[in-house]
Structure formats: C-alpha cells, structure tokens
Amino acid sequence: MSGDFIRRDRAWHPPGLTPNYKTSVLRAPRRALLSFEQSIGEKSGPAFGHGAIDPLDNDLIANFNTGAPALGERILLHGRVLDECGRPVPHTLIEIWQANAAGRYRHVNDGYLAPLDPNFGGCGRTLSDAEGRYHFLTIKPGPYPWRNNGSDWRAAHIHLSIFGEAFAQRLITQIYFEGDPLIALCPIVNTIPDKRAIDMLIARLDMGEMAPFDRLAYRFDIVLRGRRATYFENRTEGA
Amino acid sequence: MPVDYLKETPSQTAGPYVHIGTLPAAAGLPLRTQENLHVLAQGAAAGERIRLEGVIHDGAGAPVKDAMLEIWQADASGRYNAPGFSGWGRTAADFKTGEWFFETVKPGPTPWRDGRLQAPHVSLLIFARGINIHLHTRAYFSDETAANEADPVLRAIEQRNRVPTLIAQRSTRGGQTVYRFDVWLQHDERETVFFDM
Ligand SMILES: [Fe+3]
C-alpha cells in the first residue's frame, strides 16, 4: 500500500451550504466533517477493466444512433488526468452525462419543453490511457432553465465522474465551455468561492485538435488528489 | 517560496440526472440494462450474505429520492480488491420512496494504520442534487459490539451520542439478513457523521 493522499482543500471546493443554490439548504450537513487519517479502505479503490467498456462508449455522437448521428455542434472533448503532484493517472474510469443540443436530458424526470433528439442518449464512459489521456466525441450541450430563483439558467455543461486509483480521489464535477456568458450567472458554478477554482472547470477551445469540416475541440484537464511518498509510513497495512 | 502543487479539480453537484451517466437504465435509457451494480455478492463469494438498506433524509425529514450511492468494502476475510469480489457497488435511491439497498457480503475486519483492527464496515459515498461535494460515511454493524468499541475511528468520535448514526441495525426478513442504515443529512440529534479522510 502506498502513501497517504494529500488532504482535500475544503476551501477550494464548494461548501455544503450555498443558499443561492436552494436545494443545498436542506441537504448540507450542519456539523463539521470529522477528519481522520486514511486507512487501507480510503487508499484503495475499484479497478475497472476494458472488458465492460464498449468501443462506442466514448462516442456520444454515435452511441445512441437510431439511423442518424446526434444533432448539434460536434466536438472532441479531451485532456489528461493528473494528480496534484503532476503525475498522470492511467487506466481510470471517466463517465460523462449531458443534455442534448437543445438543453434536454434523456431522463425520466426531465420535463423541460425542449425536444429530445432520437439519436442522442447523453451517456458516455472511457478509461484514461497509460499516460492519463482521455477523449470523448460528443455534441455541445445546450443551456437549460431550472427553478431555483424563478427561472435560473444553467451554463452549458457536461457532468463528469472520475474514480482515480483510490476511494479518497473519487470526484464528480461539471465541465463548462470557454466564452459562455452564463457561467458568471450560474448559481451552481457560483457555489465555488474561488475564481481560480471555477477557471479549472472551463474547457478551452483547442483549434489544434479540431478536425477540418468535421468538428471543433475542447481541452479539459482533470486533477485528482495527490499521493505522498512513503518515507515514514509504517508497514503494518499489508504492504 | 513553498513548493507548488497543482490544485484538485473542484467538485460540483452530481445533479438530478446523475443516473444518465452512472446508472443509465435507472434514468430510463435502454442501455446497460443487464448491469446490477447494487449486487456485490456474486457466485461463490465467501461470507454471510446481507442486504444493506436505508433512506437518506434531508433537513426537513423528507426522503432524498434522487441520490446516487456508492459503497466500497473488504471481502469477508478483510481484503480489498480480493479476487472474485469487487467490493464496489452503486445504486440509486428509489424515485418514489427514496429507499436504496445493496446485496453484498458482510466484510471482515481490516487493519488500521498502526496494525490494530478496524471493526467491519462498509464505506459509503452519497451524491445528489443539492450536495455540492459528495458525502462520505461508514456503515458499521450492530452485532459487532466488541469490535465497534475497539474501532479506532469510532473511538475517536468525541460526541459519543453521534456514534450510533454509523451503526447499521441488524434484523432478519424473509430469511435474509438485513442491516438498516438510515442517513440524516441534517438533524439536531441524529445527523449522520460524515468524514473528511
Ligand atoms: Fe446538468
């Protein structure tokens, strides 16, 4: 078993209670989180193999195709998974989900009036490669309204879930798009107190990776908690 | 100047449509309908078969019906990533009732940092709309009184009246062993202990 993970900077993440995002008011714990050192359970995590993953799972333009590709602005979403020490995180499972180009989710609980796209499911997954790189082909999602303060609008976003190599690195977040004026107005974006942290969630237009007469590209790197070296660890954890 | 590190990507809520990407069949998509990620006890996995179940309550006492939960645990002999038993599970709260459950095996004790044993427990993560960064808790077992009293994590909880929020209650239903683990996100007395580990 390798070293401990660097502690999570809770001031960098959104706090639990963010009253301008109203649902948080009844769902945020009132008590402080209890801090403890990590044991083997927090320093290990599930490994997902290629076996379960279909070759089309990272192509959302094609993976729900019922006769035509998905409608919308075609994009490549790509980047690297690193840890806070700058080391690549290889072979880790990344899952994404998103609304279609009109801002509608294919979900039994989404009743937004915008249309479903019969050729878009909005569900993708992939494993990072040996150098921590990943990519998805998809369409740029549309913004959508939600109740919150009357009718707020979500900035266009793709939800992302990632495992890392251990339970302590587990993370779910959202990816936004450079230049979207709704980012500044979005109550969920603004649960994050630090502008530099918000900046980490904005995918950058990447003209170097666009494919001529096919699609644009956006670059989004992911950083997971870093792992300390093991100089002073005792060896009782089943090394 | 101190040494520079990269900063962790900040969390955002999983939102109400988390199921599309994590449990697409639950969202109503005709995808991965054969996946049973809430069933960890497959085939010949050794150990006592148990059902771990509960409801997550919000600060008004209402069930949280759009949560996604993940568990991570050792096998019956206390090993993580053991061959034949993944130890990882995922499920959705029921959209109508908020009830969730896993079918798994009761884990064995696992080592703490200094070689002492931790009482058997299942680590649990909660993701949902309104939860900006996932919540991490542990379910211990009500029939492990002696092990729970010696557990380094439970022992370190200063407010002793909060320890029971981490104990799943054992019962038998239809011949099956059931552990009930209700979670209270916000409560004057019963608020579940959540960890920063
Ligand atoms: Fe969304």
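How much area do chain A and chain B bury between them? The answer is about 7,100 Å², with 57% of it on carbon and sulfur atoms. Buried area here is the accessible area (1.4 Å probe) that two parts lose on being put together, summed over both. Before going further, a word on what you're looking at: this is a predicted model, where local features need pLDDT of at least 70 and side-chain atom pairs count only at pLDDT 80 or more, while totals for chains, interfaces and linings use all residues. Residues are numbered from 1 along each chain as its sequence is written, chains are lettered from A and ligands numbered from 1 in the order in which they are written, and side-chain values use heavy atoms, with hydrogens and water left out.

Let's stay with the interface for a bit. On chain A, 84 residues are in contact with 77 residues of chain B, contact meaning heavy atoms within 4.5 Å. In chain A, the residues that lose the most area to chain B are A:Arg27, A:Phe36 and A:Phe167, which together make up 12% of what that side buries.

Polar links run across the interface too. There are 47 residue pairs in polar contact between chain A and chain B, both residues at pLDDT 80 or more. A polar contact is a pair of N or O atoms within 3.5 Å; within protein, one must be able to donate a hydrogen and the other to accept it, and residues adjacent in sequence count only if both atoms are side-chain atoms. Several elements of chain A give two or more residues to the side that touches chain B, among them helix H1 (40–43), strand E2 (74–83) and strand E9 (171–177). The largest share, 5 residues, comes from E9(A). Helices (H or I, at least four residues) and strands (E, at least two) are DSSP runs, numbered from the N terminus.

Now for the charged pairs. Side chains of opposite charge can pair when their charged atoms come close. A salt bridge is a side-chain nitrogen of Lys or Arg within 4 Å of a carboxyl oxygen of Asp or Glu. By this rule there are 36 salt bridges over all chains, and the count between chain A and chain B is 11.

One of the salt bridges joins A:Asp4 and B:Arg113 at 2.9 Å, N to O. This pair crosses between chains, from the segment before E1 of chain A to the loop between strand E5 (110–111) and strand E6 (117–118) of chain B. How open are the two residues? A:Asp4 counts as buried because its relative accessible area is 4%, and B:Arg113 counts as buried too, at 19%. Buried means under 20% relative accessible area, exposed over 50%, and partly exposed in between (1.4 Å probe, protein chains only).

A:Arg7 and B:Asp196 also meet in a salt bridge, at 3.0 Å, N to O. Here A:Arg7 sits in the segment before E1 of chain A, and B:Asp196 in strand E12 (residues 195–196) of chain B. A:Arg7 is exposed at 52% relative accessibility, whereas B:Asp196 is buried at 7%.

Next, the metal. Which residues hold the iron ion as protein donors? They are A:Tyr105 (OH), A:Tyr144 (OH), A:His157 (NE2) and A:His159 (NE2), lying 1.9 to 2.2 Å from the ion. Donors are N, O and S atoms within 2.8 Å of the metal (3.2 Å for Na, K and Ca); water is not among the atoms, so sites may look incomplete. The angles among the 4 donor atoms run from 89 to 163°, and the site is irregular. In sequence, the donor residues follow the spacing Y-x38-Y-x12-H-x1-H. A:Tyr144 lies in strand E6 (residues 144–146) of chain A, and A:His157 in the loop between strand E7 (152–154) and strand E8 (158–162) of chain A, 13 residues apart. Both A:Tyr144 and A:His157 are buried.

Leaving out residues up to four places away in sequence, A:Gln174 touches several residues, including A:His157, A:His159, B:Gln12 and B:Thr13. Its side chain makes a polar contact with the side chain of A:Arg154 (2.8 Å). On the chain B side, the backbone oxygen of B:Thr13 lies 2.9 Å from a polar atom of the A:Gln174 side chain.

How values were computed
Four donors count as tetrahedral if all angles lie between 85 and 135 degrees; four count as square planar and six as octahedral if opposite donors are over 155 degrees apart and all others between 65 and 115; anything else is irregular.
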